[in-house]
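Dear colleague,

Please find below the structure that I am handing over to you. My notes on it follow directly after.

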Amino acid sequence: MNVDRVRAIARAERRRDRHRYAASRRQRALLALAAVVFLPVVGLLLLGAYRLGQGVAGGDTAVRQLARWYLPGSALLFVFLGALNAGRRLLNFAAEPLLLTAVPTRELVYGLLVADATSWVLGLVGPAVVLVAAFAVGAGSPVALVAGVLALGLLSVACLLTGIAVGLAARVLLRRVPLSPSTRSVLGTVGTVGGALMAGGAGALIGAGGADAQDLGLDALAPTGPPPVPLGYYADWLLVGTPLFEGVTPAAVGSLAVVALAVPLAVGAIHRLLPSLWYADPALPTPEGEAATGGRGRSWGRHRTRTGLVVAGLFRRAVRTPLRYAHVAYYLIVVGLLVVGGVTNPEVLVLMTGGALVLLGVWLAGGLFGLNPVGEEGAMLDQLVLSATPAATFVRARIVAGVVVGAPLVAVGTGLTVVGGLAPTDGLLVGALCLALTPVSAAAALGLGTLYPGTEPGTVLDTAETVPPETVAVVAHAGLTGAFAVLGVVGLVTDPGLGVRVFLLGTVGVGAVLLGDGGYRYAVAGVRDYGRERAPDPVFALELGAGLALVGLVAANSVSLAALAFLPLSGTPGFVLAFVGAYAGYAAVVATYVYGSGRGWRWLGLRWPDAGDLRVLGVGLAASFGVYAALVGAVTVVGLPVAQHSLGRDVAAGGPGVALVLVALSVLVVGPVEELLFRGVVQRRLAETVPESTAVGLAALVFALAHLPVYATAGPVAVAVSLGTLVVLGAVWGWVYARTGSVVPAALCHGCYNGALFGVAYVALL
Amino acid sequence: MDDTAIRTTGLTKRYGDVVAVEDLDLAVPSGSVYGFLGPNGAGKTTTIEMLTTLLVPTSGTATVAGHDVADRDAVKPHVGYLPDEPPLYDGFSAREQLAYVAELHGLDPDAVADRIETLLGRVGLTDDADRLVDTYSQGMRQKVGLVQAVLHDPAVVFLDEPTNGLDPRAAREVVDLIDGLAAEGTTVFLSTHILSVVEEIADTVGVLHDGHLVAEGAVESLRRRAADGSERTLEQAFLEITDGEAIPAAEDAPR
């Protein structure tokens, strides 16, 4: 066997992976931002692994028991994932005709498997190794690290290969069934969804076996005694180097042998199965007539509007070529798992089914027709652009079609939740919210699908040759709309207190408007301005700016929460950490936009100030303090109420030390980061669409509104006064930026102004 | 509007340092068939996309049917476009596809039905027009694409390799339809590298090579342009023009 050739094939496939999944800077930018937003989750996982390690070091035998019980199930999940993705590369690789005719089969099989294993290791095992490391640190054992990584690596590779073998065997069997290719594909999709749901249902049943849902004590989860599946003893190898390791027992050795043997057996099976799929006769027994269906064409009838015509066209094509929408299987699996989660409890089952249908409705409203408008039109896009029909018609039609699919699902689902025990008024609220979210979901999907168009023909669950939406678009859309639905429902139905409720519903409302309308505008421009520069759209620029501020707020909270929760600091160091962490979140949003939009750092306007800039800075500072003096005057003379910034309470609680720290943070962190975001990005982006002075005003408005949460506890008049002051201050700093064309003077102006206020507080507290 | 259907002045498209089309000056009279010849990668499709407003020129200007191509809305009612891959929807029959596109063009469904049938008949598709286009051969798709491009009776039609991959009979039907369009006064901008088609129906031929227009004129004059004034085939002329070296005439070539 020629090892060099195997490596060359693997390298070529890996290159194709990188090209496909990370080529676009927009994708990389979004992934990085998602990592920032989900930092608390990552931290939580790491902390959990670390605590687990500590428990193991303390001799907590429950960990061993749990691991032995649940390892086989987790392994089964990996096998299922492997089976699902078996054809992704092995039946769809680059330069297929060349490699099939020029390379020995064995080398080709190995090359492709190496490529698959590499991406598997990078994608799943990599993060797992980090968790094992946290576990080993908690256990205080370097041996545990090495043993854990080796044992986990072997297990996942064995599961992947077994899964691939199972998946290929299923495909070979499916080919033996005399069906038309399209029926077979539908069967494959349905089978996949069904398999996933059955696995989930079995998991739920096993989990509930012998245990009340209310009593999830350890005894119920993993009763003492031997695990139900002997393979569970493999878990012992993950505990080598800790007090829980029981030594080299026959059971542990046996399970290791099974896992280790699975590798060559699976490779052998794959090697036998693949050629029969590669060299199979492509003209499978096709029932007569499928290729020559006659008389299927119909006239279009009467459509009152052209939107109606396009909607009719979408549905007609969807019905006739359903496999182009095979990616719907992913949604079905996720919501189906929600349903089977309640399979052991009939009452919960109805409620869960209702909830799942509602979620499915919200998702499919965008997920079906929205996620790849450009790629789906393909070559027809030219014709649409050159037709007499406005671009907005095509986008609106996809929204209408999405709502037609999603709204009934939401309605039926809501009805079921009420049957399942949700109070009717609550049901009405949930239904209304989620119905309102269906067009939002559709428009958001269209925007995301235009931003991340899927243009490469590919396969979904390797059933159908189609142009599926980009994974990034699918995940981002499902995540955002799912979050809106869940947060909205929590805000409506639970009783989180008035403040939290207003915050939740406000966030959902503002987010939905920004994402929905912004997505709509972006999608329309994608068709209208196809092949040329996008026409400036001030409303979109404003929505983008506000959206970035909102995402910044979320990222800031995430990073600050993660920093506080997972780093052992308290008091002033903890305060500084949380503070800097929050601003790191804002900075991450700035970096994401500048990088992702391809505008580049130069665009921000970072320039060392010259003498002229310093003069503008002086004027800006004088104006800032003038605004402050006017506010103080109005408050003392007229008795205007004013809201206290939440940092004011921190200073009051922390004393002069905190005030002094805040002076430094204002100049070094607050000024630079806020000015980069609100002036460098928001105002600059607005100025591409409206006159500079309007951009200054609008950016100042966004800047002030972004501060709403820090004043949230005060009365409405006081909040208005405080925000009004911020609008004026934002305009002053926006003027400094516009005048100098550089963020630096504006950052200095903002930082010195804030610093001065804290300086005064410091002096007052002394 | 003057009698020039397509006029370009210094039309240029660059992708970074790569020049796709440079300094192109064209004047295509209304109602004529312009054969746009050139080897693969010469910039033919880039030129067509600029003229149909689908691509923004780096510099230079162009008007189509009297309208600046920078103004997409003004240009689009007057142009039809058949790209090299005929753009059709899987899941539609040919009749559905054509009726759908006709409505997108704002045509009255009843009024256009006859025109669709006439055009389908001229390319020999009447009997197959209710089958889904997914089941069509390349030639049938090409013919539906051509009908689609001329459905709204545009003043100027851009055809990118319309006879690509067609068998002789299908190619004949397509060429006849193009000929008929020209006879009705439609300006046809025909990009191809199949010389016999150009030889048959083009009034004027332009040869594009590496983004430059290296020769232009009537087919006859191109044939006669050999250094010694002797008669050549269009193929010989084409090879000579795009190679920069004289190709010996067939009878002089070493056997």
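Predicted model: local features only at pLDDT ≥ 70, side-chain atom pairs only at ≥ 80, totals over all residues.

The contact draws 35 residues from chain A and 35 residues from chain B. The size of an interface is often given as the accessible area lost when the parts come together. Here the area buried between the two chains is about 3,100 Å², and carbon and sulfur atoms give 58% of it. On the side of chain B, B:Arg72, B:Tyr89 and B:Leu104 supply 22% of the area that this chain buries against chain A, more than any other three residues.

Between chain B and chain A there are 2 salt bridges. In a salt bridge of 2.4 Å, N to O, the side chain of A:Arg316 meets that of B:Glu96. Across the interface, 13 residue pairs are in polar contact. Strand E6 (79-82), helix H3 (94-104) and helix H4 (109-122) of chain B each supply at least two residues of the side that touches chain A. The largest share, 7 residues, comes from H3(B). By type, the residues of this side divide into 17 nonpolar, 9 polar and 9 charged.

Strand E7 (residues 156-160) of chain B is largely enclosed by the rest of the structure, because 5 of its 5 residues are buried. B:Val156, B:Phe158 and B:Asp160 point one way from E7(B), while B:Val157 and B:Leu159 point the other way. E7(B) runs parallel to E6(B), joined by 4 bridges, with B:Val79 opposite B:Val156. E7(B) also pairs in the parallel sense with strand E8 (residues 187-192) of chain B over 5 bridges, where B:Val188 is the bridge partner of B:Val157.

Yours sincerely

Key:
Residues numbered from 1 in each chain as written. Chains lettered and ligands numbered in written order. Heavy atoms only, no water. Contact = heavy atoms within 4.5 Å. Buried area = accessible area lost by both parts, 1.4 Å probe. Salt bridge = Lys/Arg side-chain N within 4 Å of Asp/Glu carboxyl O. Polar contact = N/O pair within 3.5 Å; in protein donor to acceptor, adjacent residues only side chain to side chain. Nonpolar A, V, L, I, M, F, W, Y, C, P; charged D, E, K, R; others polar. Buried < 20%, exposed > 50% of the residue type's maximum accessible area, 1.4 Å probe, protein only. Pairing = 2+ DSSP bridges.
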